[in-house]
Amino acid sequence: MELISLSHSALSLLPPVVAVLLAIITRRVLLSLGLGVLLGSFLVADSNLLLAFEYLFKTVLSLFWQEGEINKWNVDIIVFLILLGMMTSLMTISGATKAFASWATTRIKNPRGAKILTVLLGIFIFIDDYFNSLAVGSIARPVTDQYKISRAKLAYLLDSTAAPMCVIMPISSWGAYIIAIIGGILVTHNLTDLSPLMVFIEMAPMNFYAVFALLLVLLTAWFKLDIGVMKSHEEAAQNGQLFNPKSGVPAGQIIPPAQVNQAQVKDLLIPILSLIIATVFSIIYLGAQATEGPFNLILAFANTDATGALVYGGLIGLLVTIAMVLRGRIQSKDFFVSLWHGARSMFPAIVILLFAWSMASVISQLETGKYLSSLVDGSIHTAFLPAILFVLAGFMAFATGTSWGTFGIMLPIAADLAMGTNATLLLPMMASVLAGAVFGDHCSPISDTTILSSTGASCHHIDHVVTQLPYALLVAGVTLIGYMVLGFSGSVLAGLCAALLCFAIVVGLYVYKEKVSSPKEVMAAS
């Protein structure tokens, strides 16, 4: 095929711009990505319709079959997502979460303990944001209700641990998705000596928003950091109003009722531990097998088959989950319905992933990043790029309500831009996209994670959006400062320290102010 490059033309911006604008206007990411891919195919084919469809067909085919063999990387990611969906569905229907809630209510002694339990569970159950919000909400809600913690506070604790944990953990649905996109980007730019898994791990501390969102939620659970409208919700909860009655009836639960009798705490803990342990072992084992010479842990991580390890871990986790569920003598009909429900729940994510992979290929062929880098030279200092990408990704995720769609559109652009301007900023710029997407997701009322956090907490959705916004904006401000310092200094450590200093000053002043205004309330266990 005779394809063309548009690195010299503003037309190279058209497919990603159309995708972004349509996503903002229609809030339909699949439609937007699809039209962007179609338009990009038409442009790279130099307006030849038949050639455009041939290119599109080969691009889609390469997602599954490439160079005469199965595209193992992509297929492994899809298989892992399906296994994860099945596993989470079985754990939900088994009644394991209900058993854990019953166990916890007999051991938590004060409000601070109830909130710390919620945060720790949110950090521990990081395999999927949907499962995190719903399962942790189901577990923690009876405990937080007992100690008169508002549903708005519970929703915030759920939401601010779900996405931030998933986006920095490789053993999660988010991690698998991002690693897959990174893998495509590295191949596109001939950086095949880098491991996508190791790149993802290196990017984790550069995701300033996720790091400080987790730190703030921990401090909120320990101290009485009731910022903005959250304070009125907490005061109402102390009077028995766990959700704002003026907002209407809180969101109902969509978790299927337990179908297995006599579920125990271990029915929840053992499958999750099995998934984590099996995946980590597989990562090390496969990496060791691919490494010559004596065993070296770093080299094992660098040379491992990351997606293959996820599949092995997912299979072990699912088998352990099935074994635990069958102990409860679940009916065969419920068992197979649960498996199908879990697999089907991942189909939307898989479709978005396929569209994102296609979009990355089109943007690479158009060489959009090279054109953008030519505009940046002499107009925008490269030091500002991490901060600019953070803001742009945040705006897009807020407008579309999806982090994953933002990843699919913005990560390839960030990589092309970095490689065309300053390659040393490749990882920070991609990390800033991840950070911005999570920030926008936290602020967006149409975000699926935001909606599910409201549902998991049985909190009115708008109450959750309004009460979480001040926390998200505080972390975003700190993050922006960190990326500015990182961009000018070229040091991730300098950016992180600057952000930490600002964070400590803001939170410290707030705690001091509250302590002065109501010392007894602040000093008491919150």
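Predicted model: local features only at pLDDT ≥ 70, side-chain atom pairs only at ≥ 80, totals over all residues.
1. Residues are numbered from 1 along each chain as its sequence is written, and side-chain values use heavy atoms, with hydrogens and water left out.

2. The protein has 25 helices and 2 strands, these being DSSP runs numbered from the N terminus (helices H or I, at least four residues; strands E, at least two). Of its 526 residues, 57% are buried, that is, under 20% relative accessible area with a 1.4 Å probe and protein chains only.

3. Serine 160 is part of helix H8, residues 151-168, and counts as buried because its relative accessibility is 4%. Leaving aside residues up to four places away in sequence, serine 160 touches Ala213, Leu214, Val217, His442 and Gln468, where contact means heavy atoms within 4.5 Å.

4. Where do H8 and H9 meet? Ala163, Cys166 and Val167 in H8 meet Trp174, Gly175 and Ile178 in H9. The axes of H8 and H9 (residues 173-188), which are lines fitted to C-alpha atoms over the stretch in contact, with angles running from 0 to 180 degrees between N-to-C directions, come within 7 Å and cross at roughly 45°. That angle makes H8 oblique to H9, a class left over once angles under 35 degrees (roughly parallel), over 145 (roughly antiparallel) and 65 to 115 (roughly perpendicular) are set aside.

Conventions. Buried < 20%, exposed > 50% of the residue type's maximum accessible area, 1.4 Å probe, protein only.
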